[in-house]
Amino acid sequence: MTQDTAGGAPDPEQGQPGSRWYDADAGPLVRPYAMTGGRTTSGPSGVRLDLIALVTLDANAPPASEDSLFGPEHRTLLALCRTETQSVAELGAGADLPVGVVRVLVGDLLEAGQVTVAHPVPPAQLPDEKILREVIDGLRAL
């Protein structure tokens with residue numbers, strides 16, 4: 001590498017071909033802490049936003065205006081939820097955002113009353129198939 005004459009540091013202008021990124025090559029680059037305002041926790045306390053938490057648009061929510069939303073990432077998440085219920089993991093993949101950022105942004109939307117969050121029933125809490133078959137057989141016997 002070449003050195004500049006002022007201080008002996010490498011000159012970034014004369015690196016290997018392809019070693020520099022121009023704005024168009026790097027694409028949009030916004031750090032996650034900038035999207036979340038430095039926050040790392042999600043929304044209201046008591047609401048778990050794990051990977052399988054299901055996010056749905058709130059039918060009773062007031063219409064969201066452009067001014068009431070916090071940023072383009074929030075609008076992207078709302079657009080993804082408009083088509084169908086999405087898990088937090090699916091929202092992260094669809095919006096191309098880290099899951100930690102999606103949790104914080106979904107928490108914002110939850111506090112604003114734009115979305116609701118539900119958790120799927122764990123398989124351990126579902127009724128046993130044997131019991132369901134016995135109920136069906138009992139109903140058929142009536």
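The model is a predicted one.

**The sheet**

Three strands make an open sheet. Their order is β2-β1-β3, and the pairing is antiparallel. β2 and β3 stand at the edges. Each has a single partner strand, so one side of each is left without a neighbour in the sheet. Strand β1 is joined to β2 by 2 bridges. Valine 55 has glutamine 86 in β2 as its bridge partner. Helix α5 packs on this sheet and touches β1 and β3. The direction of α5 makes about 115° with that of β3.

The elements named here span these residues:

| Element | Residues |
|---|---|
| Strand β1 | residues 54–57 |
| Strand β2 | residues 86–87 |
| Strand β3 | residues 115–118 |
| Helix α5 | residues 99–111 |
| Helix α6 | residues 129–141 |

**Helix α6**

Side chains of opposite charge can pair when their charged atoms come close. The count here is 1 salt bridge. Glutamate 129 pairs with arginine 133 in a salt bridge, with the closest N and O atoms 2.8 Å apart. The two residues lie 4 residues apart in helix α6, so about one helical turn separates them. Glutamate 129 has 49% relative accessibility and therefore counts as partly exposed.

Valine 135 also lies in helix α6. Its relative accessibility is 46%, so valine 135 counts as partly exposed too. Valine 135 belongs to a nonpolar surface patch with Ile131, Leu139 and Leu142. Together these four residues have about 460 Å² of accessible area.

Definitions and conventions
Residues numbered from 1 in each chain as written. Predicted model: local features only at pLDDT ≥ 70, side-chain atom pairs only at ≥ 80, totals over all residues. Heavy atoms only, no water. Patch = residues over 30% accessible without salt bridge, like charges linked within 9 Å, V, L, I, M, F, W, Y side chains within 5 Å. Areas by Shrake-Rupley, 256 points an atom, 1.4 Å probe, with all protein chains shown as cover. Salt bridge = Lys/Arg side-chain N within 4 Å of Asp/Glu carboxyl O. Buried < 20%, exposed > 50% of the residue type's maximum accessible area, 1.4 Å probe, protein only. Pairing = 2+ DSSP bridges. Contact = heavy atoms within 4.5 Å. Axes fitted to C-alpha atoms, helices over the stretch in contact; angles between N-to-C directions.
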